[in-house]
Amino acid sequence: MELRMEGLTKDFKDFRAVDHVSCVMGRGVYGLLGVNGAGKTTLMRMICTLLKPTDGKVTWDGKDIFKMDASYREILGYLPQDFGYYPDLTVQDYMMYISSIKGLRPLTAKKRTEVLLERVGLRKLKKRKMRNLSGGMKRRAGIAQAMLNDPKILILDEPTAGLDPNERIRFRNLISELSEDRLVLLSTHIVSDVEFIAGEILLMQEGKFFLTGTADEIISGMDQAVWRCTVPRKAVDSYLGRYLVSNVKTVPGGAELRILADRPPAEGAAIEEATLEDAFLLYFGEKAGVDHDGKI
Amino acid sequence: MMVKYELKRIFTKRLNRLLLVAVLLIGVCLSVFAVTGGSYVDSSGVRHETPDAARRLAEDRNRWKGELTGEVLSEITSKWQELSSQYGADVPAAIYGQTVQSMQDIEFMINDILRGDGEYDDSAILNITPEQAGDLYAIREGQIENIIEEYGETTEQREFLREVYEKTDTPFYYEAAGSWTDMYTYATTYGIILVVLIGFLAAGIFSDEFTFRADAVFFSARYGRSKAVRGKILSGLLMATAIYWAGMLLLSGISFAVMGVSGFGTPYQIEFPYSIYNMTCGQEYLLIVLGGYIAALLSASVCMLTAAKTRSASIAVCVPFILFCASPFIARALPFDTFFQLTPDQLLNLLNCTRYSYLYQMGTLVFRQVPFVLLFYTLAAAALLPLVHRCYHRTGIRAPKG
Ligand SMILES: Nc1ncnc2c1ncn2[C@@H]1O[C@H](COP(=O)(O)OP(=O)(O)OP(=O)(O)O)[C@@H](O)[C@H]1O
Ligand SMILES: [Mg+2]
């Protein structure tokens, strides 16, 4: 069980979306983190054989996935970022239709559909038309669809986009449950989605993996500390200009800031424990501008 | 299973359902028009336009049922001439109901035989003697010689025509076939409607993935580029078959149940004495329906191919219009005008095709328009299917939204 990428590159005309990515993945959950346009979707589409790489290759247990063709797709489950469905089919029929394309036998398909709809909490809605599902329900149907063939490789492209915080937590747990004994690659730009469930985190920027490791490794690799201090409200702007600030909270008599810096940024600043979100800010901060109340 | 759910997908689409119901309703309306279109005058001169008019008319005309021998033909001719000299153009309704109405089919036929390749003249029957009418088949033979000279451009073609005409049995056997001949136009009209609908539904099969952005899931599934594509093609053909025959059965079922099926075995030559197609009126009807079916299959496969290529249903639905409506105009603009009778719209125009003697020749092989058109477009429809498969199979995928 080994998915290996070697020098994987994709050019769109003169624009390089994925730039010589090499890595090896096995069993477990991989969190692909990156800002908009980092190349996450492009990378995933290549892994799903939907895009031909400009250069480099992807192998599964040593075999080129494009040469494996149907036998590779047999073990693949994919939830695309813009998950499209057939609006007039019921949830059940949709699942059966996808089962048929995935080559499941009718009986197996029925059973898997039952089990998966139960698992994602759509069993009661199975007679409802896809067009009448809420955004969250559609995503759940999307995951269920990807799991139909019990894939060894499960690719989820921003499965939590557009979900409310509760739904997001449920989703996280669901993915965590589903991840046993398979390779799950999950992309997101929301740190908390992967902080606890991903064994390995891949930070992607401008088409490259520039840092990989467990959450702890990434946090401990930070060369700056996290500080908490309270400053007068007037001074907030000047702090925002000078430091990476991961959170601003208004308190009586001023504002409480969470700041990344190698030295205490103000008098009375206290060291805080760093989180993955701080690391994300540190590495992507200047470029992305993390939303200040992005925490859930 | 693939085909089952593919079909389910076609038939659960809201728009598709709406259109399907609309088209079936049109079918019912057309049968109602067909059924109520005829009229019958009874022996006291009262005109009936009730749905049973067609049956009563056929019953009345069937008093002449049987072989139209020389004797019968001269009897009818002299009767007709008598009535004409007695009443001129103003036949009293009662007389019309008692005699004229029943003889009309045969009177038309006599005029038609007499005109040969010329203009139809409804007084031709008045200008021959009943004895001449008794020799009508000999007159026909003479006209056939003219026609062979006229239309047979080469020895092979003349030979071909002669053989065809020899196969027509005379004397003709008469049985009133009004319900069949009336239905030619209705079946043709409804065929066109069905073919357009089928094209529309078929286009959806191959464009929905792109319209609904469901392509990524489809193509990353195990059979998304092989079996599932074949399943789609098969579904398209099944859908075309089911809808076409359901529609035609509806139209024919209602119409013939009411109008009766008298005259299935009447030779087509009673209507068009010089037709080069030896068949009965019932067979002509079936031929028209068959032509429509081939058009439906062609429409389905061309629409599937266009949808798979362009990824858009809206372009694909224009194709049946180009194929079946605009193609004769395009063909006419081209330099080779012999071929404009071979455009696909002819599949939906068989009711006219069988009246004319269009012949084609390749080397020494001579063939007629209708069999060629039927065969050629069946093969064309079949030949397009592998292309659909290839096209979808190789689909690289559209760029993701940024
Ligand atoms: N088909 C394409 N043609 C041209 N450029 C493309 C194409 N697809 C993607 N790109 C570009 O490649 C870059 C990476 O896109 P990609 O969709 O992989 O980013 P992403 O990490 O998934 O972003 P997001 O978080 O917004 O989903 C972007 O700059 C995008 O504009
Ligand atoms: Mg993306």
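Which residues touch the most other members of the largest nonpolar core? In this predicted model, they are A:Leu3, A:Met5, A:Leu43, A:Tyr72, A:Leu185 and B:Phe206, within a core of 216 residues.

## Nonpolar cores

Helix α12 of chain B (residues 281-310) gives the most to this core, contributing 18 residues. A separate, second core has 13 residues, among them A:Ala235, A:Val236, A:Ile259 and A:Ala269.

Beyond its neighbours within four places in sequence, A:Leu185 is in contact with A:Met25, A:Tyr30, A:Leu32, A:Met44, A:Ile47, A:Leu154, A:Ile155, A:Leu156 and A:Leu202.

## Magnesium site

The magnesium ion (ligand 2) is coordinated at 1.8 to 2.2 Å by OG1 of A:Thr41 and OE1 of A:Gln81. A:Thr41 belongs to helix α1 of chain A (residues 40-47), and A:Gln81 to the loop between β6 (76-79) and α4 (91-101) of that chain, so the pair ties together parts 40 residues apart in sequence.

A:Thr41 is buried, at a relative accessible area of 14%, whereas A:Gln81 is partly exposed, at 25%.

## Interface of chains A and B

The contact involves 36 residues of chain A and 29 residues of chain B. Between them the chains bury about 3,000 Å², with 61% of it on carbon and sulfur atoms. On the chain B side, B:Met1, B:Val217 and B:Arg222 lose the most area to chain A, together 24% of what that side buries.

Three salt bridges are found across this interface, as are 13 residue pairs in polar contact. A:Glu74 forms a salt bridge with B:Arg222, their closest N and O atoms lying 3.5 Å apart. Elements giving two or more residues to the side of chain B that touches chain A are α1 (2-12), α9 (178-211), α10 (215-219) and α11 (227-259) of chain B; the largest share, six residues, comes from α1(B).

Definitions and conventions: Residues numbered from 1 in each chain as written. Chains lettered and ligands numbered in written order. Predicted model: local features only at pLDDT ≥ 70, side-chain atom pairs only at ≥ 80, totals over all residues. Heavy atoms only, no water. Core = buried A, V, L, I, M, F, W, Y, C linked by side-chain atoms within 4.5 Å. Buried < 20%, exposed > 50% of the residue type's maximum accessible area, 1.4 Å probe, protein only. Helix = DSSP H or I, 4+ residues; strand = E, 2+ residues; numbered from the N terminus. Contact = heavy atoms within 4.5 Å. Donors = N, O, S within 2.8 Å, 3.2 Å for Na, K, Ca; no water. Buried area = accessible area lost by both parts, 1.4 Å probe. Salt bridge = Lys/Arg side-chain N within 4 Å of Asp/Glu carboxyl O. Polar contact = N/O pair within 3.5 Å; in protein donor to acceptor, adjacent residues only side chain to side chain.
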